[in-house]
Amino acid sequence: MTESTPGGLENLLSEDRRFPPSPEFTAQANAHADVYSWADADRPAFWAEQARDLLDWDTPFEEVLDWSGAPVARWFADGQLNAAYNAVDRHVEAGNGDRVALHFEGEGGDTRTITYADLKREVSKAANALTGLGVETGDRVAIYLPLVPEAVFTMLACARIGAPHSVVFGGFSAEALYSRIVDAEAKLVVTADGGYRRGAPSALKPAVDEALTKGEHPVEHVLVVKRTGQDVEWTDERDVWWSDVVDSASDEHTPVPLDAEHPLFILYTSGTTGKPKGIFHTTGGYLTQAAYTHRNVFDLKPETDVYWCTADIGWITGHTYVVYGPLINGATQVIYEGTPDTPHRGRWWEIVEKYKVSILYTAPTAIRTCMKWGEEIPSKFDLSSLRVLGSVGEPINPEAWMWYRRVIGGDKAPIVDTWWQTETGAIMISPLPGVTETKPGSAQVPLPGIAATVVDDDAKPVPDGAGGYLVLTEPWPSMLRGIWGDPERYADTYWSRFKGLYFAGDGAKKDDDGDIWLLGRVDDVMNVSGHRLSTTEIESALVSHPWVAEAAVVGANDETTGQAVVAFVILRGDAAGGSESADEVQTTLRNHVAKEIGPIAKPRQILVVAELPKTRSGKIMRRLLRDVAENRQVGDATTLADSSVMDLIAQGLSQPGAKQED
């Protein structure tokens, strides 16, 4: 990724539009410009101050960072604390028990309002129930639930007794669930009869039942939340209704003080092959960075803000920015069970208007989908309460960024485009609202206390205007402590590419200002006739055309060029290209990419599709698109929100006009 890039590439990721913070926003902002120099001067001291300021400790720490066992860090290791106490009890003790912690909105419109006092009672009851079912400190608990309040209660109950939780996203198959249960040696599974999805009940417990028939496992009990009322199979010695053991449990429970390095959770990265890769995080450092980033990146004012992160708890974003970060900071937040288009395409904006949401954190995929539906839908709702907008999950195209700011943010709300990973635990690169002059499409700068840079193949930092590999050069508090049960795999996976540097697996580029642009996974970088091209850059070029709402680009094997660019695009509902023939649309878009980037980036094939294959968390599964582009049998599509999408795409590729070649 250090070679010269084709003509136009630098221009595509050099953005002239700038959005400085307003003086009014800066005056009230949590973050200040001088925090960068303070943190750079002594990173461990900076993080120690955050840990003492943002968390309550049962045993104060003296030691800040022990890096002697690199690449495994130990932060605040001689201190003790409890995550659930920090997220719940202390707010009640401070007199904020009546503050709303969770506004739950079910897909069908059912609602629950849960204050911090309510949360303390529910989490205490769940902790007592888990203990009654034989769960002890150090035991692992698997959680396979929809996004309902009981999911939050369960995570915090596990934290309260020191039982590391392993949340498995409800869209995963029985096979995937089984492999995660076995790898974590989970003693208990918490699930539900089902959840609601696109207006209908979607079963969950049958997948647990099937998983537990696949082989040996350590599960003693399955705790079942009644959500949909579906009939379920029942194993009397093993299965227990939540209502039978939690509702009757005592609401008095004392949190267990735990070492700062006690494991808090295991989270398995999606899309792995072979043995699951269980990323595990510990308590003190993770909570410190979760709380600091949530407070400052979103400029949280807990007394007045209503915060909404649209992620599911099955992903790291749901752990850090639905459960731990917001609750540690005493936030009031919305959690929503359903999808953006059920029962109508204005559902999200209806919720923003209803609860007067002031901070919204969502994925570029969702933003581009809303673009495709048209701005007349959000324009029907009052979005004036929104004051900070966030983006997470993948690089955001500049045009989607601009649409998000203009249509959703009323041309006034700052956008924080965040880069981080399951492995990093918390946000690493992002603008700070009130401080950073934002730039469409760029995550821009490492946060205070974070050391990140872009290097070439020889691990040398690249100059401004050049591309390479994103690396982290110093330990950070919320970093993973390893891969569960496999320390060698941890070292091989993240630390072997560049000696002494954490390689995130992502390509990145510095623009002429030194701001960082994320280019996606290195394995999403194509080598076309010796030129390395980023799928993100080609997707950005396609989406910059007024006809295109969303695009996904993959590299397909090609006898002549090594790899060829294959693009799948969704046209806007009001696209002028709707009346053109398929050949004319493809020719126009291919020429547009050539103009924006250079002839080398012109797609060999463009297919206009109605939808792209996405997981329920909104990630585009480019692996499946690559199968189609290379005429292979499509791989496992069980995690897709709609598996029929792949059939439609495969049929479309076989139609006349689907292929264009020079």
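**Entry 1: the whole chain**

I began with the reminder that this is a predicted model. I then looked up the secondary structure and found 20 helices and 30 strands. Next came the extent: the C-alpha trace spans about 70 × 60 × 50 Å along its principal axes. I also checked the radius of gyration, which is 24 Å; a compact globule of 662 residues would have one near 26 Å, so the two agree.

**Entry 2: burial and contacts**

I asked what share of the 662 residues counts as buried. It comes to 63%. For contacts with a separation of 6 or more, I noted that 72% join residues 24 or more positions apart.

**Entry 3: helix α17**

Then I turned to α17, which covers residues 535–543. Is this helix mostly covered or mostly exposed? It is mostly covered, with nine of its nine residues buried. I wrote them down: T535, T536, E537, I538, E539, S540, A541, L542 and V543.

**Entry 4: its neighbour α18**

Two packed helices are described by the angle between their axes and the distance between the axes. I looked up both for α17 and α18 (residues 582–596): the angle is about 120° and the axes lie 9 Å apart. That angle makes α17 oblique to α18. The crossing is right-handed.

From α17, the contact uses I538, A541 and L542, and these meet L589, H592, V593 and E596 of α18. Sorting the residues of this contact, I get five nonpolar, one polar and one charged. I liked a reminder here: an α-helix has 3.6 residues a turn, so residues three or four places apart point the same way.

Definitions and conventions:
Residues are numbered from 1 along each chain as its sequence is written. This is a predicted model: local features need pLDDT of at least 70, side-chain atom pairs count only at pLDDT 80 or more; totals for chains, interfaces and linings use all residues. Side-chain values use heavy atoms; hydrogens and water are left out. Buried means under 20% relative accessible area, exposed over 50%, partly exposed in between (1.4 Å probe, protein chains only). Helices (H or I, at least four residues) and strands (E, at least two) are DSSP runs, numbered from the N terminus. Axes are lines fitted to C-alpha atoms, for helices over the stretch in contact, and angles run from 0 to 180 degrees between N-to-C directions. Angles under 35 degrees count as roughly parallel, over 145 as roughly antiparallel, 65 to 115 as roughly perpendicular and the rest as oblique. A crossing is left-handed if the near helix is turned anticlockwise from the far one by less than a right angle, and right-handed if clockwise. Contact means heavy atoms within 4.5 Å. Ala, Val, Leu, Ile, Met, Phe, Trp, Tyr, Cys and Pro count as nonpolar, Asp, Glu, Lys and Arg as charged, and the others, Gly among them, as polar. The radius of gyration is taken over C-alpha atoms; the globule rule is 2.2 Å times the number of residues to the power 0.38.
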